[in-house]
Amino acid sequence: MSLEAKVQIKSLSIRYSDGTESLRDVSLDLYARQINVLFGPAGGGKSTLLRAINRLNDLVEVAERRGEILLDGKDIYAPDLDVVALRRRVGMVFARPVPLPMTIRQNLHYGPQLAGVRGTRLDELAEKGLRQAAIWDEVKDRLDEPASSLSGGQQQRLCLARTLTLEPEVILLDEPTSGLDPISTAKVESSLQQLKEAYTIVIVPHSVQQAARVADQAAFFLQGELIEYGPGAKLFTRPSDQRTEDYITGRFG
Amino acid sequence: MSRQASQRVAFALISLAAALVIVAILFIAGTIAVQGMGALSWEFLTGVPGDGMKAGGIMPAIIGTLLLTLGTAVTAVPLGVGAAIYLSEYSQDSGFTRAIRIAIINLAGIPSVVYGLFGLGLFVLFMRFGTSILAGSLTLGIMTLPVIISTAEEALRAVPQSFRVVSTSLGATRWQTIRQVVLPQALPGILTGVILGLERAAGETAPILFTVAAFFLPRLPSSIFDQTMALPYHLFVISTQVPGMPIRIQYGTALVLLCFVLSMNVAATLVRSRFRRRRQW
Amino acid sequence: MKKSSWWEFGIERAVQLAGVSAIVFVILILLFLIRESVPGFADVSPGELLGERWYPTEGRYGLLPLIAGSLLVVLGAAVMALPLGLATAIFVAEVSPRWAREVLKPLIEVLAGIPSVVLGFIGMLVLAPSVRILTGAPTGLTAFTGSLLLALMALPTIVSVAEDAIDAVPKSYRDGALALGATRWQTTWRVVLPAARSGILTAMMLGIGRAIGETMTVMMVTGNAARIPKRIGDLFYPVRTMTATIAAEMGEVAQASTHYHVLFVIGISLFLISFLINLAAAIVVFRQARRSERVLS
């Protein structure tokens, strides 16, 4: 199977105006139908990179951005690009589950409704998302309860389902299982294995173990720099950089 | 004196001070309630004043205060909530927003009688509204603006940032996020602030002295360019300007005004506590 | 798509305009106060304005008695309200059992909600006669009566702002002090209050600011005699404040007369005083915020 570069990051540098987490000259391809893992110690710039791919960084003050990000070969920072359309193509799941303060159903309808979807199609998208996130059976009878009544693990899978209702092409996950128990984590991970058949998945895992478990492709970040990247099988068994080896063997981190 | 003894003395003094405050408040409210109760009757609430205000009711003053409160709301709520949305959702910290904040602080500190002067100068004379409900509402509205802006901004800021981020990630524009997620969550807080602001406006006398209040006008106003009686000013008039005023009517008027204002206070408290129980974050 | 972005743009401009309105109003207020007070400065020389006699009917516009009257009443109020307010704030934040707090906080909100004209009314009918009997003065409508009521009016501001400040002191400070063997009172007095001092200072300034601008209450209970208080005993004689003068006389003056313009001169002075007080309070708050950011980051 040949690899198709869905997202291409070219010499990207980002610095926030308050001087925190930054990226230095990162170049990296993210592949379609693969689980792309970005990992490394905290403060390495992984989340910054994730949030650059759907331009959520626009919400915070970015002092400086150089380089470019291409989605299907098109620059996502081009001035005439429709940011809202971009965010529908590039969905995101966050570290902490954040159900919007509405019912489960309203959470699932939220994105498609904004995109102009109406009528029964809304419920179809909702059900499809819930099934893909492996939570349909648990919530199908309680769709009109407040989303906050779900357990933490359910909430996070609801958030994944909510992202899927927009039928995005790329799914970004920022430590999606950091607050979850092992069983919920396993459910999310197995959902991801299904989803990668159709989507480009980019995940910042919450541990090296998770990184090694799910990675088709892996990239190791340290203090804003990309140290190395390549197929997960190789990177986790025969890393070419000493720092990568030190990190995955637990010598620091 | 031992440490324990000095603690005991200090705590006793502090408790005494608090008790004094409680007693003072209860005494004031109690006096008005007890003395004013006797004057309350259907005729008092719905009648017009007669016999040089020494008899009859205070209905025109009640209606006038209602109208002024409404006018204040119409002036201050859109501007105040809009400004709060700007400060909380759109603006970044800059010299410009700092200027707005200093202006708000300044507005909040201006004595109410100075608002009265300003209303007289701008609305009554310069814009030729005359002493009218319009001039009075605008004056009270501007006076209320800082209260509404600061409470509404606080309510907006209390909505977790994560909701905004998630909504944006789902393809919402900034305004869609505000409309669909932020405002509904902040609404009870905003409402509380609005009611508290209007409560203050409803009880004010000094700003309406020269802009709207009529000494004696035993009919209802017919347009916003009319003068009107108002409860606070009426209380002032009958307690200082009319010799031989029956004390019962004075207390009755004070009680009605107090009830009017405190019922808004209670409304604000109810909104706040209902919201605390229902909120999901 | 284009339509929705125009809508977005329009909304942003609209709320920005609402924000700007605050600045516009401040400027308008200042502008009109200046416009109406300038003729006053022209008609009455600065020397006369600082004169000791306020007899507008005789063309004497000395503001000194009014300024002194305001000062006396506010000072008297401050002396009573500051300790009482601080003590109440400490009581609510540090000393009181839960139930007492649940009673006290709404009560203080009620006090904040009582219209000033109602307080003035009670002051005239109940407080003034008591003051007259207690002091043996010829009238109960004195500066002291005004101070008492003003103190009451400044209390809610002082208590709520000071309590917030005390509440904001991190629990770790208290734990640290208690762990070193301090009593609860020593912790409060030596650790918590010093840590909250800038907030407490703000509370006091805002409370005094509120008192200076208060109009109706003072007008109703201070007797309104424009004489300069010279001794501490004058606290028990009638005075006339700046705010009360405007409120009492503006209704009766001929528009565009000297008297009218001089009342605006008083107004602009009040504007400037309150501006300075609030600015000072704001600066304390800003500086405090920056300091705590530094500590936390």
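How many residues of chain A are in contact with chain B, and how many of chain B with chain A? The points below answer this and then turn to the separate elements of this predicted model.

1. **The contact between the chains.** Chain A gives 21 residues to the contact, and chain B gives 17. On the side of chain A that touches chain B, the elements giving two or more residues are α2 (83-89) and α3 (104-114) of chain A. Sorted by class, that side of chain A has 13 nonpolar, five charged and three polar residues.

2. **A helix pair in chain B.** Two packed helices are described by the angle between their axes and the distance between the axes. For helix α5 (residues 112-126) and helix α6 (residues 133-158) of chain B, the axes come within 9 Å and cross at roughly 135°. Angles over 145 degrees would count as roughly antiparallel; α5(B) and α6(B) are therefore oblique to each other. The crossing of α5(B) past α6(B) is right-handed.

3. **The residues between these helices.** From α5(B), the contact uses B:Ser112, B:Tyr115, B:Gly116, B:Phe118, B:Gly119, B:Phe123 and B:Val124. From α6(B), it uses B:Ala135, B:Leu138, B:Thr139, B:Ile142 and B:Met143. By class, the contact of α5(B) with α6(B) has eight nonpolar and four polar residues, with no charged residue.

4. **An open sheet in chain A.** Four strands of chain A form an open sheet in the order β2-β1-β4-β5, with antiparallel pairing. The edges are taken by β2 (23-31) and β5 (74-75) of chain A; each has a single partner strand, so one side of each lacks a neighbour in the sheet. Strand β4 (residues 62-71) of chain A is joined to β5(A) by two bridges, and A:Leu71 has A:Lys74 of β5(A) as its bridge partner. Helix α1 (residues 46-53) of chain A packs on the sheet, where it touches β1 (5-16), β2 and β4 of chain A. The direction of α1(A) makes about 120° with that of β1(A).

5. **A buried strand in chain A.** Is strand β8 (residues 200-204) of chain A largely enclosed or left open? Five of its five residues are buried, so β8(A) is largely enclosed by the rest of the structure. In a regular strand the side chains alternate between the two faces of the sheet. On one side of β8(A), A:Thr200, A:Val202 and A:Val204 are buried, as are A:Ile201 and A:Ile203 on the other.

6. **The partners of β8(A).** Strand β3 (residues 35-39) of chain A pairs with β8(A) in the parallel sense over three bridges; A:Asn36 has A:Val202 as its bridge partner. Strand β7 (residues 170-174) of chain A also runs parallel to β8(A), joined by five bridges, and A:Leu173 stands opposite A:Ile203.

Methods
Residues numbered from 1 in each chain as written. Chains lettered and ligands numbered in written order. Predicted model: local features only at pLDDT ≥ 70, side-chain atom pairs only at ≥ 80, totals over all residues. Contact = placed C-beta atoms within 7 Å. Nonpolar A, V, L, I, M, F, W, Y, C, P; charged D, E, K, R; others polar. Axes fitted to C-alpha atoms, helices over the stretch in contact; angles between N-to-C directions. Parallel < 35°, antiparallel > 145°, perpendicular 65-115°, else oblique. Left-handed = near helix turned anticlockwise from the far one by under 90°. Pairing = 2+ DSSP bridges. Buried ≥ 20, exposed ≤ 12 C-beta atoms within 10 Å, placed from the backbone.
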